[in-house]
Amino acid sequence: MTTTNHARGADRAADDPVEAARHAAEVSEPEFGRYFLIHFLGLSIAYDDDEQTCTVQLPFAEHLCNAGGGVHGGVLSTVLDISMGHACRRYLSAGSTIEMQMRFVRPVRTDVTCTGRIIHGGRRVVQLESRMYDDSAQLVAVANGSWFRHPTTR
């Protein structure tokens, strides 16, 4: 497994949204995998080249929660989308989300990990899936998406 740790570490105060935003603003770059949200959310991104998957870890932080105390669905959707986008780019080519279906199974109040995988790598449209689990290995969300496949730039 190849790991790319984009933002997590001692240099980021995960529970302080102001510090997280400052850190993200200082280190983010306008390029794939180094943009603001990855740093702000404190995501860790890893690839399994044998399985052709991308795993993204999101650490729990209270400032990402809704009024009910669970991580906001928009944040979870973003992380699931990132896992699929990174899988598409690494194993096929760059792509753009055409549509995404979400199913939330239970509230998230812990760190979570999701793994994106290619279901079908079509010439123009790619079908992907990502499954998200909490730190007790309970399924918390599932996403399926269609991505427009950009011409290969490698």
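# Exercises on strands, charges and turns

At a relative accessibility of 33%, Arg-131 counts as partly exposed; this class lies between buried (under 20% relative accessible area) and exposed (over 50%), with a 1.4 Å probe and protein chains only. The model is predicted, so local features need pLDDT of at least 70 and side-chain atom pairs count only at pLDDT 80 or more, while totals for chains, interfaces and linings use all residues. Residues are numbered from 1 along each chain as its sequence is written, and side-chain values use heavy atoms, with hydrogens and water left out.

## Exercise 1: The overall plan

Determine how many helices and strands the protein chain has, and in what order its elements run.

Solution. 
1. Helices (H or I, at least four residues) and strands (E, at least two) are DSSP runs, numbered from the N terminus.
2. On this basis the protein chain contains three helices and seven strands.
3. Read from the N terminus on, the order is β-α-α-β-β-α-β-β-β-β.
4. Of the 154 residues in the protein chain, 41% are buried.

## Exercise 2: The surroundings of strand E3

State which strands pair with E3, and in which sense they run.

Solution. 
1. Two strands pair if DSSP finds at least two bridges between them.
2. Strand E2 (residues 44-48) meets E3 in the antiparallel sense over five bridges. Ile-45 has Val-56 in E3 as its bridge partner.
3. Strand E5 (residues 112-121) is also antiparallel to E3, and six bridges join the two. Here Gln-57 has Thr-113 in E5 as its bridge partner.
4. Five of the six residues of E3 (residues 53-58) are buried, and therefore this strand is largely enclosed by the rest of the structure.

## Exercise 3: From E5 to E6

Identify what joins E5 to E6, and how many bridges lie between them.

Solution. 
1. A hairpin through three residues leads from E5 to E6.
2. The two strands run antiparallel and are joined by nine bridges.
3. Within this pairing, Ile-118 stands opposite Leu-128 in E6.

## Exercise 4: The salt bridges

Find which side chains meet in the two salt bridges of the structure.

Solution. 
1. A salt bridge is a side-chain nitrogen of Lys or Arg within 4 Å of a carboxyl oxygen of Asp or Glu.
2. Asp-49 and Arg-90 meet in one of them, at 2.9 Å from N to O. Asp-49 lies in the loop between E2 and E3 and Arg-90 in helix H3, so the pair ties together parts that are 41 residues apart in sequence.
3. Asp-49 is partly exposed, at 38%, and Arg-90 is partly exposed, at 28%.
4. Glu-129 and Arg-131 also meet in a salt bridge, at 3.7 Å from N to O.
5. With a relative accessibility of 16%, Glu-129 counts as buried, whereas Arg-131 counts as partly exposed.

## Exercise 5: A buried valine

Decide whether Val-140 is buried or exposed.

Solution. 
1. Val-140 belongs to strand E7 (residues 139-149).
2. Its relative accessible area is 0%, so Val-140 is buried.
3. The C-alpha atom of Val-140 is separated by 6.9 Å from that of Val-108, a residue 32 positions away along the chain.
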